[in-house]
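This briefing is for a reader who is new to the structure shown below. Please look through the sequence and the model before reading on.

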Amino acid sequence: MTGNEIRDKFLKFFEQKNHKILPSASLIPANDPSILWTAAGMIQFKPYFTGAAKPDCKRVTTCQKCLRTPDIEEVGKTARHHTFFEMLGNFSFGDYFKDEAVHWAWEFVTEHLGFAKERLWISIYLDDDEAFEIWNKKIGVPEDRIVRMGKEENFWEIGVGPCGPCSEIYLDLGEARGCGSPSCGPGCDCDRFLEIWNLVFIQFFQNEEGELSPLTNKGIDTGMGLERVASAMQNVPTNFDTDLLQEIMSYTGDILGVKYGGDPDTDKALKVIADHTRAITFAISDGALPSNEGRGYVVRRLLRRAFRFGRMMDRQEPFLNDVARAVIKQMKGAYPELVENEKRIVKVIFSEEQKFGETLAQGSEILYKLINDAKDAGQEIVAGRDAFRLYDTYGFPLELTREIAAEAGLSVDEDEFSKALEEQRERARNAHKDFDYLSERDALFGTLLVEIEKTIFTGYDVLQTSSQVMCMIAGEEKIHEAGPGQTVDIILDKTPCYAESGGQVADKAEITGPELKAFVTDVFTPVEGLIVHRCKINNGILKVKQEVNVQVDSDRRKKLARNHTATHLLHQALKNVLGEHVNQAGSLVEPEKLRFDFTHFEPVKKDELRQVEDIVNDAVLRNYAVESFETSLEDAKSRGAAALFGEKYGERVRVIKIGSFSIELCGGTHLHTTAQAGIFKLLGESSVGSGVRRLEAVTGEGGLEYIKNCEQQISDIAAKLKSKPSEIVSRVEMMTAGYQELERKLESLRARLARYEVESLLNKIHETSGVRVLAEQVEARDMDSLRAMVDLLKDKMGSGIVVLGTCPEENKVNLVAGVSKELNSRGMHAGKIVKNLASMVGGGGGGRPDMAQAGGKDPSRLSEALDKVNSIIEEQASISS
């Protein structure tokens with residue numbers, strides 16, 4: 001049975017049990033900053049289990065794409081470790097519980113997958129007698145094949161929130177796959193007993209003290225790894241031998257000119273490349289891009305690790321972009337979005353491979369310097385921490401460091417390397433947080449959904465509403481009233497205030513009542529359906545159940561609307577100019593300006609920026625009507641509405657349509673017509689990360705203010721240049737030409753002065769140990785000038801050693817040493833000379849035997865350092881003799 005057939009069979013089985021099949025959620029969790037990646041099937045249903053939202057359907061089944069990275073180094077070494085994998089699951093939100101979950105799981109694995117009952121073992125939580133009764137009495141699993149395990153293995157909990165005992169189904173793969181121990185059984189570290197399905201019975205709520213209380217609405221969360229089950233169904237030794245990965249590995253092998261199954265190192269490389277390329281392909285498809293932090297760092301690390309394994313197979317050119325095409329071909333049936341995003345995926349990967357090739361070249365240079373330094377110091381080993389820095393910063397593999405060091409007759413301190421690596425892993429483990437359900441405060445908001453009705457948002461239509469205070473919170477406690485000077489969070493029955501969402505910042509507002517005045521400083525939505533207002537009370541007393549008047553700052557809202565509508569115009573204009581690959585990657589809508597991040601692979605050219613700005617302003621002048629309406633997600637997409645990466649949409653969505661120009665899914669506040677934007681002006685373009693660019697712009701009053709400032713600057717510049725504003729360009733061009741001519745003359749004078757100084761310096765040559773030596777302090781504006789002077793002196797001297805020092809600025813010393821070639825053979829070494837001198841002036845440096853440079857921070861000791869040149873040369877001469 002193929003992996004695709006197993007996936008389809010599972011989903012259809014639960015569909016027949018009245019479950020709704022839902023598509024996989026994005027690998028980037030929607031509206032949940034506590035989670036880096038979607039690492040389990042239940043992530044998208046987290047609000048349903050916590051009570052923060054109500055599901056449209058109480059029975060759901062999915063095949064969820066997942067990404068986990070805590071054990072990244074294990075991928076390729078073991079039979080089961082992956083970064084990317086698929087998790088089959090069925091879920092109940094307050095509907096069925098243990099009895100049905102167990103019966104259906106048993107039915108599926110025995111009748112539909114065809115596993116022999118006598119090969120199946122069950123694990124349960126220590127004191128879960130209810131689960132034991134179901135498995136033993138109702139299903140008929142013998143007691144000796146039901147194993148009770150402790151909290152660490154069979155109790156599911158992650159911080160504050162719902163939790164419960166687990167029951168796992170294991171498949172006995174036979175004695176040949178075992179360790180031979182008499183105690184071997186489910187949970188053993190060997191490969192004999194394969195866990196294929198985990199059933200989580202969510203029946204408790206755990207508070208911050210670790211205390212458990214029964215849940216009224218119990219839930220089911222199950223997970224079956226598709227790759228694991230496929231390996232068992234296809235009777236192969238590892239997940240990598242299944243059809244889910246073999247086609248990708250075979251294609252990779254063809255690119256690299258190697259075959260799977262012949263050599264352990266080659267097999268490991270193919271496994272790592274296949275696994276990591278699946279991960280980055282899906283991650284980039286879902287909107288993640290390589291960068292140096294967060295999700296982007298994970299994508300970059302996986303891509304570079306896969307690329308390095310290709311290098312070990314003697315592949316120097318980019319190739320992962322081609323492997324990604326094989327991934328898309330393999331997975332497109334279950335994940336059609338891969339085809340839609342193929343061009344972007346391939347381009348991002350290719351661009352990152354090229355950059356990493358350059359980085360590896362930089363790492364090689366650093367390694368060669370480390371080797372030379374070690375040799376100069378008489379050492380036979382490269383420090384492990386230096387090797388780790390190369391590995392961590394430049395992605396330089398230890399194996400390559402070891403190989404290059406060995407060619408130079410050195411070894412690597414691998415114990416120190418391992419220690420540094422483990423320290424980093426420990427930091428990552430401490431910082432790693434797959435997900436945390438809710439803090440005590442957020443859990444409080446979740447319980448409020450049971451006590452009060454959802455907040456009605458009226459702010460699309462009106463900016464003033466009479467409302468009732470339904471709840472008031474200070475810190476983590478509900479209170480009944482608050483007075484002057486206090487800041488509290490309140491929930492109203494209805495509100496015109498927009499909560500921060502979709503890149504648009506929250507409204508500010510004033511709340512008034514009899515003898516009451518309070519200011520709304522922030523508005524947010526901690527759980528779906530509740531809009532929380534952070535209020536600072538100025539006068540009077542604010543009480544629960546009190547009737548109040550809420551007035552949004554209308555001028556500020558109008559500015560936000562201008563900028564939000566402008567982001568939609570900008571998005572479409574970018575697509576028109578740069579191409580359909582452009583997609584929104586983030587935005588910030590503030591009253592003063594807007595910021596728009598989008599996918600693009602190079603800086604936007606000036607003429608392209610001008611075109612984009614002109615298109616947006618043309619749309620403003622055309623005075624398109626801005627319409628908003630609700631429809632089904634399917635209908636919106638059929639109309640061509642653009643959706644955002646990482647956003648989670650319900651079955652009903654809000655659409656913003658701007659004439660025939662633009663249509664997007666959006667919950668923000670907007671203008672009624674585009675002409676109300678007034679004017680649109682781009683402020684600048686920059687890079688956010690690999691494959692992501694950023695534009696900043698202003699509209700309306702902000703645009704006018706920008707133009708006024710520019711006019712004033714032009715006027716001021718014209719006054720300084722004593723010309724008309726219309727003539728300043730020609731005036732500056734004339735001045736620049738004159739400046740360049742003066743620079744040429746100055747350079748000519750400097751060269752003449754240098755030659756005069758060289759002639760003067762030649763008179764100061766003396767002999768030390770039979771070697772002609774010149775060591776002097778000179779005037780030179782930078783290191784290049786100093787090197788040029790040393791070269792000139794070497795040419796004039798013939799055989800000899802030149803050491804020059806200069807202080808180009810306060811607290812800075814430059815040193816350059818040059819040694820003629822025939823003296824190198826006598827043991828004279830420029831790099832060793834400047835290294836000695838640099839330590840005296842508070843710096844460091846080195847270089848080749850014939851030419852080297854160094855820098856320092858203590859000009860007061862330059863003269864002393866130059867006086868030491870003779871003794872250094874004498875020492876080198878004595879060693880060589």
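The notes below cover model confidence, aromatic pairs and charges over rings.

The model is predicted. Its chain has an average pLDDT of 90, and 96% of the residues reach at least 70.

**Confidence**
- Residues 431–438 have a pLDDT below 50.
- In the model, this stretch, residues 431–438, makes 29 contacts beyond near neighbours in sequence.

**The pair Y125 and F155**
- The rings of Y125 and F155 form a tilted pair, with 5.2 Å from centre to centre and 55° between the planes.
- Y125 lies in strand β4 (residues 120–125) and F155 in strand β6 (residues 155–156), so the pair, by the definition of strands used here, links distant parts of the chain, 30 residues apart.
- Y125 and F155 are both buried.
- K151 places its charged end over the ring of F155, at 5.4 Å from the ring centre.

**The pair F457 and Y460**
- F457 and Y460 pair edge-to-face, with their centres 4.9 Å apart and 85° between the planes.
- F457 counts as partly exposed because its relative accessibility is 24%, a value between the 20% and 50% cut-offs.
- Y460 is also partly exposed, at 36% relative accessibility.
- The charged end of R654 sits over the ring of Y460, 3.5 Å from the centre of that ring.

**An aromatic cluster**
- One aromatic cluster is made up of F10, F13, F14, F108 and W197.

Key: Residues are numbered from 1 along each chain as its sequence is written. This is a predicted model: local features need pLDDT of at least 70, side-chain atom pairs count only at pLDDT 80 or more; totals for chains, interfaces and linings use all residues. Side-chain values use heavy atoms; hydrogens and water are left out. pLDDT is the predictor's confidence in each residue, from 0 to 100. Contact means heavy atoms within 4.5 Å. Rings of Phe, Tyr and Trp (its six-membered ring) pair if their centres lie within 6.5 Å; planes under 30 degrees apart count as stacked, over 60 as edge-to-face and the rest as tilted. Helices (H or I, at least four residues) and strands (E, at least two) are DSSP runs, numbered from the N terminus. Buried means under 20% relative accessible area, exposed over 50%, partly exposed in between (1.4 Å probe, protein chains only). A charge sits over a ring if NZ of Lys or CZ of Arg is within 6 Å of the ring centre and within 35 degrees of the ring normal.
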